[in-house]
Amino acid sequence: MSDFLIKDVNSSTTFRFEGSIPADLTGYDGCSFSASVSSHELNAVTKVYDVRPDRWAAFFRDLAAHWRGWQGVKDHESLEGHLRLEAEAADSLGHIRLRICLRGVDAPHLWRAETSLIVEAGQLDDLARRAEGYFGTASPV
């Protein structure tokens with residue numbers, strides 16, 4: 001699988017992981033992939049370097065395991081801070097707000113782009129399966 005796309009349930013906003021994730025990574029082997037957001041108001045993409053990319057799959061699997069909601073924010077960030085995701089219950093109807101922060105942290109091109117999208121609790125199992133298909137089997141966060 002060469003990409004993993006998440007769509008907002010209420011708008012045209014999308015978030016995409018893209019690029020090949022090697023299946024033979026072990027220990028703290030790293031790899032690079034792209035992360036992008038797209039909406040009517042914002043288009044941004046950054047290259048992400050991370051070790052243990054399967055931890056992104058673990059993040060989505062954890063959201064699916066707690067689909068009834070949780071207190072506070074669940075978050076995960078790439079090794080060098082190019083990508084940060086924060087998930088929190090948006091309302092009592094099973095909507096989850098996924099806040100996405102992309103950063104260009106390599107001088108002299110320092111920038112930051114943030115947006116949020118809404119997913120439904122019923123989508124979390126599918127998102128976790130697709131994340132595992134993209135990043136590999138999840139290991140504990």
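Helices (H or I, at least four residues) and strands (E, at least two) are taken here as DSSP runs, numbered from the N terminus. The model is a predicted one, so to speak of local features takes a pLDDT of at least 70 and side-chain atom pairs count only at pLDDT 80 or more, while totals for chains, interfaces and linings use all residues. Residues are numbered from 1 along each chain as its sequence is written, and side-chain values use heavy atoms, with hydrogens and water left out.

Threonine 26 counts as exposed, at 52% relative accessibility; the cut-offs are under 20% relative accessible area for buried and over 50% for exposed, with partly exposed in between (1.4 Å probe, protein chains only). Its C-alpha lies 9.3 Å from that of valine 51, although 25 residues separate threonine 26 and valine 51 in sequence. Arginine 52 sits in the loop between β4 (43–51) and α1. Arginine 52 is not a glycine, yet it has a positive phi of about 55°.

Now for the inside. Phenylalanine 17, in strand β2, is buried, with a relative accessible area of 0%. Phenylalanine 4 is 13 residues away from phenylalanine 17 along the chain, and their C-alpha atoms are 5.1 Å apart. Contact is counted for heavy atoms within 4.5 Å. Setting aside neighbours within four places in sequence, phenylalanine 17 is in contact with residues including Phe4, Phe33, Trp56, Phe60, Leu83, Leu85, Tyr134 and Phe135. Phenylalanine 33, with residues up to four places away not counted, touches Phe17, Ile21, Val48, Trp56, Leu83, Tyr134 and Phe135, among others. A nonpolar core is a set of buried Ala, Val, Leu, Ile, Met, Phe, Trp, Tyr and Cys residues joined through side-chain atoms within 4.5 Å. The largest such core has 35 residues, and those touching the most other members are Phe15, Phe17, Phe33, Phe60, Leu83, Leu85 and Phe135.

The expected span of a helix is 1.5 Å times one less than its number of residues. Buried residues of α1 are Asp54, Trp56, Ala57, Ala58, Phe59, Phe60, Leu63 and Ala64. Helix α2 (residues 124–135) also has 12 residues, and it reaches 16 Å from first C-alpha to last, close to the expected 16 Å. Its buried residues are Leu124, Leu127, Ala128, Ala131, Tyr134 and Phe135. These lie on the same side of α2, because they cover an arc of only 125° around the axis, the arc being that of the directions from the helix axis to the C-beta atoms. An α-helix has 3.6 residues a turn, so residues three or four places apart point the same way. The cover over the buried residues of α2 includes β1 (3–7), β2 (14–18), β3 (30–38), α1 (54–65), β7 (95–104) and β8 (111–120). Just after α2 comes glycine 136, with a positive phi of about 105°.

Strands pair if DSSP finds at least two bridges between them. Strand β5 (residues 74–77) pairs with strand β6 (residues 83–89) in the antiparallel sense over 4 bridges, and aspartate 75 has glutamate 86 as its bridge partner in β6. This hairpin has 5 residues between the strands, and glycine 81 takes a positive phi near 80° there. Histidine 82 is also found in the loop between β5 and β6, and it is buried, at a relative accessible area of 4%. Beyond its neighbours within four places in sequence, histidine 82 contacts Thr46, Val48, Tyr49, Cys101 and Arg103, among others. β6 goes on to pair with β7, again antiparallel, over 7 bridges, with glutamate 88 opposite arginine 97 in β7. The hairpin of β6 and β7 has 5 residues between the strands, and in it glycine 94 takes a positive phi near 90°.

Finally, the cysteines. The structure holds 0 disulfides, a disulfide being a pair of cysteine sulfur atoms within 2.5 Å. The sulfur of cysteine 101 is 20 Å from the closest cysteine sulfur, in cysteine 31, which is too far for a bond. Cysteine 31 counts as buried, at 7% relative accessibility, and cysteine 101 is buried too, with a relative accessible area of 5%.
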